[in-house]
Amino acid sequence: MPGLLYLLAVCNLVIGTGAFVLGGILTPLASSLDVSVAAAGQAMTAYALATAVLAPLALVFTGRWPRKRVLCVSLAVFAAGNALCALAGSLGVLLAGRVLMGLGAVFTAVAAGIAVALVEPARRGRALSLVFIGISLSYVIGLPLGAWLGLRFGWQWPVALVAALSALASVVLAVALPRDIDAPGASFAGLGALLRRADVLRALALTLLYFVAIFCVFSYIGPVLQALVPMSSEAMSVTLMLFGLSGVLGTVVGGWANDRFGARRTLTVQLAVLATMMLLVPLTRGHHALLVAVFVAWGIAGFGMMTPQQSRLAALAPAQAPILLSLNSSMLYIGTALGAALGGPASAWVGFDRLAWVGVPFAIAGWLLLRTGPRRDGMMTA
């Protein structure tokens, strides 16, 4: 694989940490800002909606820029957003910082486009899994470390650390990247025709559904875990790290399975496992080992879906892969926002311990959408 992809994976580790670290420290964050946990969880909604709306616009606006400049500027904007969040004394300022972070998250869509452009189609799944393994690693390294720092020293510390690392990553890319990266920029040309295609709309709808399912729970992962099995900050960090490790494994397995069995078959199995594990989560109450086992299986299936889904979309219209991948990211983050917005009120109704059941219908709907669609919509060959 091109060495550039490894560097992009490291940067995605920072992006993923910044995006999701608040999920493990919502309780001290809410206390500091004098708001409810459900209100604090809307920081995930703000980031997700900003990424869904602003990142595609930024991708097109910078379509004629050199890819190096887009990568460096986006990381600098992400750093600025995190810095504003770390200084926030009110929920409004925090949400403004998260919106700025969402604009900077265009980095991930650009990185995915570069991965698709630099390898031949038969290796596309592995290239995408390499770039996105940085996001998975954020759950192994960034989220547990962030939860520990936030619970021990204050929620601002992990956020400030992400700001510093993002700024450092921008400088490193400015120094290390070649001036010209052979990857196309995005444009709106042909977008209308794409959005009139049923196979494209079905693929995008699938991303929306499974991210609603996942993030109605994961946006509140700290309170959910505590409701199921009360634990110390150290035990919480270890639990999150194990979940993250399962995500890394899932990303690798998802890339391999996509290239070996095709996107459709891989996604069908992953969605079935995801729905089953979400059904089992509330039944693990009081049993830490069982809780970890269920969440590990969840992580392998959930994280593993990103690569076959991205590869599936790129195969639908290879020449327009950058804008398609950006639209997929929009669906991802709209799903994240809807999940967070749904999970907050639902937690007051069913409790954090049964919150996973709220996401099950969305996972099942995604599975049915995939199973009832055309047999070869975007499926990669082995």
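The largest pocket holds about 300 Å³ of space. A pocket here is an open set of points on a 1 Å grid over the protein atoms alone, where a 1.4 Å probe fits, with protein on both sides within 12 Å along at least five of seven lines. Its volume is the space filled by probe spheres set on the points, which are joined across faces, edges and corners. This is a predicted model, in which local features need pLDDT of at least 70, side-chain atom pairs count only at pLDDT 80 or more, and totals for chains, interfaces and linings use all residues. Residues are numbered from 1 along each chain as its sequence is written, and side-chain values use heavy atoms, without hydrogens and water.

**Largest pocket**
- The lining (residues with an atom within 4 Å of a point) has 19 residues, and V10, L13, V14, T17 and L165 lie nearest the centre.
- Helix 1 (3-20), helix 8 (124-153) and helix 9 (156-176) each give two or more residues to this lining; helices are DSSP runs of H or I, at least four residues, numbered from the N terminus.
- Helix 9 gives the most, with 7 residues.
- By class, 16 lining residues are nonpolar, 3 are polar and none is charged; Ala, Val, Leu, Ile, Met, Phe, Trp, Tyr, Cys and Pro count as nonpolar, Asp, Glu, Lys and Arg as charged, and the others as polar.

**Second largest pocket**
- About 200 Å³ of space lies in the second largest pocket.
- Of its 14 lining residues, V253, A257, T266, V269 and Q270 lie nearest the centre.
- The lining has 8 nonpolar, 5 polar and 1 charged residues.

**Confidence**
- The average pLDDT (the predictor's confidence in each residue, from 0 to 100) is 88, and 96% of the residues score at least 70.
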